[in-house]
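Please open the model in a viewer and keep the sequence at hand.

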Amino acid sequence: MSKEHDHGMTIIVKTVTRLTVGLIFLYGIYIILHGHLTPGGGFAGGVIVALSFINLDLAFGGKVSAKIFSRGSTSVIEAFGGIMFLALALLGLRWGGFFDNFLHPDGEPGMLISAGIIPLENIAISLKVGAGLFAIFLTLITLQKFESEKK
Amino acid sequence: MDAYLPYILCLVLFCIGIYAVISKRNIIKIIIGVIIAEYAVNLFLILVAYRAGGRSPIFSSTQEILPEAMVDPLPHALVLTSIVIGLATTAFLIALAVRLYGKYGTFDISRMRELRG
Amino acid sequence: MIELYVLLGLMIAGSLIAIEVKNLLSAVIAVGVVGLGLSIVFLLLKAPDVALTQIVVEIVAVILLIRATLNRDIAMKYCGRRPFGAIMGILFTGFVFVIALITFKDGLNLFGAPLMTVSQFYPQNAIEGTGAMNVVSAIILDYRAYDTLGEATVLFTAVVGVLTVMRSPGKKKEEDLQDSK
């Protein structure tokens, strides 16, 4: 089990993953950045970005995805997302109140740069959700490896 | 009665989940029951928000959409957070189940009770 | 709305299969059927945000469940139902069903006619107030951002809980426990 996990799946899965994983990642970024215009937003986009890394981990084994994104860096990114969200909330105190939309009239409604702090909050939420889910996934996988090594 | 039929089908789904939680012995089956009950609750909130012939709560820059024609957007926002929280709690339940399997070597909760003794 | 009833029937059948089939892998796949059907139901009920989130969350949940149950003694060992638990389950579920039916009759709005007394404020003021075209996004990140902050806290607590539960057990601690006994 351990050896199998290190080497990943067959060459067909690896090739298809190499072709598609970038597109999945890009789609997640698109969903996050257009969250205030189209369906989607930070929650769905964050889970899609986490899914692209889960796809890498399942296809190529733990070592390849650990090179890009280790367990320590997931903790750092999740904490960064939480602090960014809270900092945006606290910055609103300067202009009116907690979670005040202090950037609001900044563009035509319907354009990409509009809606004040909502895109920034989408990015913060997506970092938090994606990194948290990927940390959960890595933890469950790593313990399985630990158990099979013990046997 | 016809106007309540979707609610009743959703209630049947919820009752199936509750029945699985109460009567099953396998931990994975209990987790599946929790997941199904959670889906039923999310579905119920979205069903309450539906307006017959309504539109999605998204404005368009090329098309005039009246706010009066939209479905209720507030339950959508609350269910959106509820789904992600449900995934996190499901992951926590799976972690507990894997831990219990590592300790007792089985998913059967009645045998775990015997082993504790 | 005949397609809504067909999909709800599919979901009920899928959940019955999920809780009654003996092979755990088949049960997890049946849960996947229920979740994907739920996503299409959300789309029919004009909730595209919720449908998108549901479809990706369902995939992650099925992956986690399969990784947890695969390579263990899944299919072969029969974990039956508890006879007393089955009777109590049917009684309690029937009780919940009857109480909920009475409550539906009294206080619920008809299907297709929502109560908009509070939430008609959001579609009418979303563009002027926040500039966001997506009203759901405007609600979760502007009008009700406190809820999202609480959600982030719950998610953080769940991640910390998973990391704590799955931490590899230290040998030293077990020796300490045996010494203290």
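**Salt bridges**

Select E78(A) and K128(A) to begin: their side chains form a salt bridge, with 3.2 Å from N to O. This pair links distant parts of the chain, since E78(A) belongs to helix α5 (residues 71-95) of chain A and K128(A) to helix α6 of chain A, 50 residues apart. Both E78(A) and K128(A) are buried. The model is predicted, and the count of salt bridges over all chains comes to three.

Next, select E20(C) together with K24(B), whose side chains meet in a salt bridge at 3.5 Å, N to O. Because E20(C) lies in helix α1 (residues 2-20) of chain C and K24(B) in the loop between α1 (5-23) and α2 (27-49) of chain B, the pair joins two chains. E20(C) is partly exposed at 37% relative accessibility, whereas K24(B) is buried at 6%.

Then move to R144(C) and D147(C), where a salt bridge spans 3.4 Å from N to O. R144(C) is partly exposed, with a relative accessibility of 30%, and D147(C) is partly exposed with 33%.

**Aromatic rings**

The structure contains 10 aromatic pairs over all chains. Select F134(A) and F137(A): the ring centres are 6.4 Å apart and the planes stand at 20°, so this pair is stacked. The two residues are three apart in helix α6 (residues 118-150) of chain A, which means that about one helical turn separates F134(A) from F137(A). F134(A) is buried at 0% relative accessibility, and F137(A) is buried at 1%.

For a tilted pair, select Y4(B) and Y7(B), with ring centres 6.2 Å apart and planes at 50°. Y4(B) is buried at 12% relative accessible area, and Y7(B) is buried at 0%.

**Where chain B meets chain A**

Finally, display chains A and B together. Here 11 residues of chain B are in contact with nine residues of chain A. About 920 Å² is buried between the two chains, and carbon and sulfur atoms give 83% of that area. In chain B, select I58(B), V84(B) and V98(B), which lose the most area to chain A, together 36% of what that side buries.

How many salt bridges cross the interface of chain B and chain A? The rule finds zero, and the count of residue pairs in polar contact between these chains is also zero. On the side of chain B that touches chain A, the residues divide into eight nonpolar, two polar and one charged.

Terms used:
Residues are numbered from 1 along each chain as its sequence is written. Chains are lettered from A and ligands numbered from 1 in the order in which they are written. This is a predicted model: local features need pLDDT of at least 70, side-chain atom pairs count only at pLDDT 80 or more; totals for chains, interfaces and linings use all residues. Side-chain values use heavy atoms; hydrogens and water are left out. Rings of Phe, Tyr and Trp (its six-membered ring) pair if their centres lie within 6.5 Å; planes under 30 degrees apart count as stacked, over 60 as edge-to-face and the rest as tilted. Helices (H or I, at least four residues) and strands (E, at least two) are DSSP runs, numbered from the N terminus. Buried means under 20% relative accessible area, exposed over 50%, partly exposed in between (1.4 Å probe, protein chains only). Contact means heavy atoms within 4.5 Å. Buried area is the accessible area (1.4 Å probe) that two parts lose on being put together, summed over both. A salt bridge is a side-chain nitrogen of Lys or Arg within 4 Å of a carboxyl oxygen of Asp or Glu. A polar contact is a pair of N or O atoms within 3.5 Å; within protein, one must be able to donate a hydrogen and the other to accept it, and residues adjacent in sequence count only if both atoms are side-chain atoms. Ala, Val, Leu, Ile, Met, Phe, Trp, Tyr, Cys and Pro count as nonpolar, Asp, Glu, Lys and Arg as charged, and the others, Gly among them, as polar.
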